[in-house]
Amino acid sequence: MTDIPSQTEAALAAIAASATLDALEAQRLETLGKKGWVSLALKTLGGMNPEERTAAAPAIQSARAAIAEALDAKKAALEAAALEEQLARETIDLTLPAQAAPKGSVHPVSQVMDELAEIFADLGFAVATGPEIEDDWHNFTALNMDETHPARAMHDTFYFPDKTAEGKDVLLRTHTSPVQIRSMLDQGAPIRIIAPGRVYRSDSDATHTPMFHQVEGLVIDKDIHLGHLKWTLETFFKAFFEREDIVLRLRPSYFPFTEPSVEVDVGYSNEGGRRVVGGHGDAPGHAWMEIGGSGMVNARVLEFAGLDPAEWQGFAFGLGIDRIAMLKYGMNDLRAFFDGDPRWLAHYGFSPFDQPTLSAGVGARA
Ligand code: FA5
């Protein structure tokens with residue numbers, strides 16, 4: 001007759017030693033499976049007489065219970081260990097940069113806006129914003145361009161069909177200069193702000209697009225003069241282009257909202273078909289390129305914005321962000337900026353982890 005206790009002991013040891021779920025399943029089949037010895041032993045009970053059955057049954061029943069319990073416990077332990085092992089193996093470090101996944105990139109215009117904000121913050125300028133849907137008063141009238149002013153026609157304005165409740169025309173702002181008016185009305189003087197943002201004009205060729213970006217600068221204080229303007233722009237461009245040999249030329253010009261007005265040109269040379277900023281524009285192999293307008297804020301504009309021109313004065317400038325981005329990063333067609341072609345973005349875009357800082361450099365490449 002089979003020695004049930006020693007067989008049970010051997011089975012329990014084999015179950016405890018099972019290292020895998022497969023090995024454990026083999027143990028189950030050998031014991032409790034249809035042809036397992038416990039099942040076969042149970043079957044023998046049917047052929048016994050009542051006395052024999054009463055004597056043999058408890059040992060077989062308790063062997064079955066012990067083995068079933070050991071199998072269940074071991075199964076649970078092996079499954080828990082497998083889960084632990086899987087969790088450890090599949091750990092993902094969410095702080096690592098994505099490599100296999102498709103990469104997004106920061107548009108050069110956004111990158112340049114961050115660079116501008118970083119440099120001007122260091123010079124004590126705050127960032128101001130205004131609405132892209134403007135009214136005619138902020139965009140033109142308060143900037144000393146009344147309804148009949150010819151400069152209005154030069155801006156190729158997009159107008160909305162409806163007027164404001166006060167009867168003013170509604171338009172897409174044609175420049176960032178209305179933010180000058182809003183800042184003066186909101187905060188009074190003194191002021192030191194830049195206002196980067198989108199502007200719109202009905203204009204399109206390789207260097208003009210219907211939507212483009214400008215950055216406005218405005219400084220209002222006492223005793224401000226053109227020398228402050230020139231120093232500010234020179235200091236900015238040296239930091240922006242990360243070179244000392246930046247030469248600016250201030251050319252007499254006209255804007256209704258500044259008096260005197262100057263157009264800002266920067267000297268550059270052509271190297272291998274690419275414009276490289278630096279040097280005097282009149283030097284051999286060099287030329288000048290216009291990058292923006294500026295001047296001393298017109299006394300009429302200060303009055304429109306509620307400031308006393310006898311007490312306050314200041315300078316303002318407006319630069320084309322897309323133009324300076326093209327100069328710095330070497331693109332030659334402005335229209336490609338706004339096509340949304342992923343190949344262009346992959347080539348000219350920046351890593352989102354590459355935030356411009358003055359200490360690490362405002363122009364680090366992706
Ligand atoms: C202005 O818009 C004035 N508001 C600038 C200003 C501000 C002058 C404060 C004085 C004081 P202008 O129209 O020249 O000026 O435009 C300024 C710059 O925007 C240009 O030098 C150019 O770099 C850029 N720009 C103008 N039109 C376009 C266009 N369609 N596409 C891309 N850039 C443009």
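Helices (H or I, at least four residues) and strands (E, at least two) are, throughout this talk, DSSP runs numbered from the N terminus.

The model is a predicted one: local features need pLDDT of at least 70, side-chain atom pairs count only at pLDDT 80 or more, and totals for chains, interfaces and linings use all residues. Residues are numbered from 1 along each chain as its sequence is written, and side-chain values use heavy atoms, with hydrogens and water left out.

Let me begin with the overall division. The chain falls into domain 1 (4-89) and domain 2 (108-348), with bounds that come from an automatic or database domain assignment. Taken over C-alpha atoms, the centres of the two domains are 84 Å apart.

Helix α1 (residues 4-17) packs against helix α2 (residues 21-31) at an angle of about 160 degrees, and their axes are 9 Å apart. Axes here are lines fitted to C-alpha atoms, for helices over the stretch in contact, and angles run from 0 to 180 degrees between N-to-C directions. The pair is therefore roughly antiparallel, given that angles under 35 degrees count as roughly parallel, over 145 as roughly antiparallel, 65 to 115 as roughly perpendicular and the rest as oblique. The crossing of α1 and α2 is left-handed, meaning that the near helix is turned anticlockwise from the far one by less than a right angle; clockwise would be right-handed.

Where does Gln-27 lie, and is it buried or exposed? Gln-27 is in helix α2 and counts as buried at 14% relative accessibility; buried means under 20% relative accessible area, exposed over 50%, and partly exposed in between (1.4 Å probe, protein chains only). Leaving aside neighbours within four places in sequence, its contacts (heavy atoms within 4.5 Å) are Ala-11, Ala-14, Ile-15, Ser-18 and Leu-71.

Helix α3 (residues 37-45) has Trp-37, Val-38, Ser-39, Ala-41 and Leu-45 as its buried residues, and their cover includes α1, α2 and α4 (50-89). The angle between α3 and α4 is about 155 degrees, with axes 10 Å apart, so these two helices are also roughly antiparallel.

Next, domain 2 and the cores. A nonpolar core is a set of buried Ala, Val, Leu, Ile, Met, Phe, Trp, Tyr and Cys residues joined through side-chain atoms within 4.5 Å. The largest has 45 residues, and Phe-236 and Phe-237 have the most contacts inside it. Elements giving two or more residues to this core include α5 (108-122), α9 (226-241) and β11 (313-320). Not counting residues up to four places away in sequence, Phe-236 touches Leu-116, Ile-119, Phe-120, Leu-319 and Ile-324. Apart from that core lies another, of 23 residues, among them Ala-128, Leu-143, Ile-181 and Ile-193.

Finally, some backbone details. Most residues other than glycine have a negative phi, and most peptide bonds are trans. Pro-190 is joined to Ala-189 by a cis peptide bond, with omega about -5 degrees. The bond from Glu-259 to Pro-260 is likewise cis, with omega near -5 degrees, and Pro-260 is in strand β8. Asp-223, in the loop between β6 and α9, has a positive phi near 60 degrees and is exposed at 62% relative accessibility.
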